[in-house]
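This report concerns the arrangement of one protein chain and the way its parts meet. Please view the sequence and the structure below before reading on.

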Amino acid sequence: MTNNNTRPNIIIVALDSLRADHLGCYGYHLNTSPEMDALGQESVVFDAAFAAGIPTMPSFTTLLTGLHPYRTGIVSHIGQRRLAEHVQTLPELARERGYVTVGIDNLVVQGEGRGSWFARGYDHYSGYLYRPFGDQDARLTDRALDYIEEYTDAPLFLFLHLWSPHTPYGPQPPNDTRFYEPGSAPYDMAEVRKLQPDYYESFVNDMKLAHPEDYAYLVAQYDGEIAQADAQVGRIVRALKQRGAWDDSVLLVLSDHGECFGEGGFHFDHHGLYDAVTRIAMLMRLPGRGPGRCGALVSTEDIFPTLTAVADLPAPPYPLTGTSLLPLLDGKTAETRPYVVSAESTRQASLALRTLEHKLVLPFTEDSTGAPLPDFYGRPRDPAPLLFDLRADPDEEHDIADDASDKLAELMGMLHTWRMEMAEATGEPDPIQAQGLSLSFDRFMERLLARR
Ligand SMILES: [Zn+2]
């Protein structure tokens, strides 16, 4: 696959719901990720990369457009809004410049028809239905390897979206027991179920676990799924090397968002704008550029302009909200964005503004018609903003909004200014307030119970 073209292959492997701090290269104490750890030695590992929107559809729309969800209007998963036709996606730009473009992804197929733009720009869009409890990741990676073998003349753009380690957790043996440390978790499943019995009974029972009463067993299943997906990353790396394509390939391995294990009172899902959810794993291997770690604040908005710069693809005829990371990676600047704004409006609605030191979380309690926007569990929300000092409290357990009113006012002012800029750029009202929740607790429970 060594191509004679001056443009590098662009290979993106996206692992759904992968929490950065459950990988060895991000300091995890278990050996869940030997392949990604090895890849990290050849890549830039981003320590402070954040999703501009969660969960999957907002996060990946931003990845593929370089635009914040507040610019595209794609602020929720399987919401009503479609991506505007004039917005260009990364595979569209790549195909225009001679790339063979391949997407192996399920967002069009499984998203109730609402993710149609995820198929744009591909010569080959290989859709699939997510099937947990099997070896689907391996079969999807087989498809990717076929394309890596087949295309020898044109540069290849490949987007491979694997759903491990998303729920339901169900790794294949031996990965189901490899990371199990009985009784090691700080939560009692009986207490977790009490939080919302209908929800957790259905949700956890769906997974048909060997030890459903041990929280540590559930985390071990999640870790086992990471190990399964990690092995597939290793297969991609080896295939590129064996085919002599490594020196011509950009390889980006990243997650769309993380997963909660108790943060915000949420378990085994990915909502709320805590770092457990908004911080992503991100390894970028660039030919001709050395490996290293990057502690600068980075948003998923910045990936599109970085990759278009690396591949010399034309910029779209409108301003992006992201900026290229190349000057940072080349040491030409140490400056980075002052903050990342993250949005959610799928199971509950919030905005967060995160700097390196602080996080402000602004709950949305009603939509533009005045209808209530409940929380993840269907309860009324407290409208009071939350403030966390991330240096002293990296787990975001202590809200200091009442004690740090100056800092709160400063960050609220920054967020207000940002929202005004977004509204001015789009000429539209706040998209979260205009659209409401795409998957409220009641609707989610209907879907969950209908599956049984
Ligand atoms: Zn996802």
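## Polar links across the interface

In this predicted model, 18 residue pairs are found in polar contact across the interface of domain 1 and domain 2, both residues of each pair being at pLDDT 80 or more. Four salt bridges are also found across the interface of these two domains.

The side chains of Arg354 and Asp275 form a salt bridge, with a distance of 2.8 Å from N to O.

## The two domains

Domain 1 covers residues 9-329, and domain 2 covers residues 340-450. The C-alpha centres of the two domains are 23 Å apart. To their contact, domain 1 contributes 42 residues and domain 2 contributes 40 residues.

## Buried area

The size of an interface is often expressed as the accessible area that is lost when the parts come together. Between domain 1 and domain 2, about 3,500 Å² is buried, and 61% of this area lies on carbon and sulfur atoms. Of the area that domain 1 buries against domain 2, 24% is supplied by Tyr70, Tyr199 and Leu273, more than by any other three residues.

## The side of domain 1 that touches domain 2

Which elements each supply at least two residues of the side of domain 1 that touches domain 2? They are the helices α3 (69-72), α8 (197-205) and α10 (275-278), together with the strands β9 (267-269) and β12 (298-299). The most is given by α8, with five residues.

By class, this side of domain 1 has 18 nonpolar residues, 16 polar residues and eight charged residues.

Note on methods. Residues are numbered from 1 along each chain as its sequence is written. This is a predicted model: local features need pLDDT of at least 70, side-chain atom pairs count only at pLDDT 80 or more; totals for chains, interfaces and linings use all residues. Side-chain values use heavy atoms; hydrogens and water are left out. Domain bounds come from an automatic or database domain assignment. Contact means heavy atoms within 4.5 Å. Buried area is the accessible area (1.4 Å probe) that two parts lose on being put together, summed over both. A polar contact is a pair of N or O atoms within 3.5 Å; within protein, one must be able to donate a hydrogen and the other to accept it, and residues adjacent in sequence count only if both atoms are side-chain atoms. Helices (H or I, at least four residues) and strands (E, at least two) are DSSP runs, numbered from the N terminus. Ala, Val, Leu, Ile, Met, Phe, Trp, Tyr, Cys and Pro count as nonpolar, Asp, Glu, Lys and Arg as charged, and the others, Gly among them, as polar.
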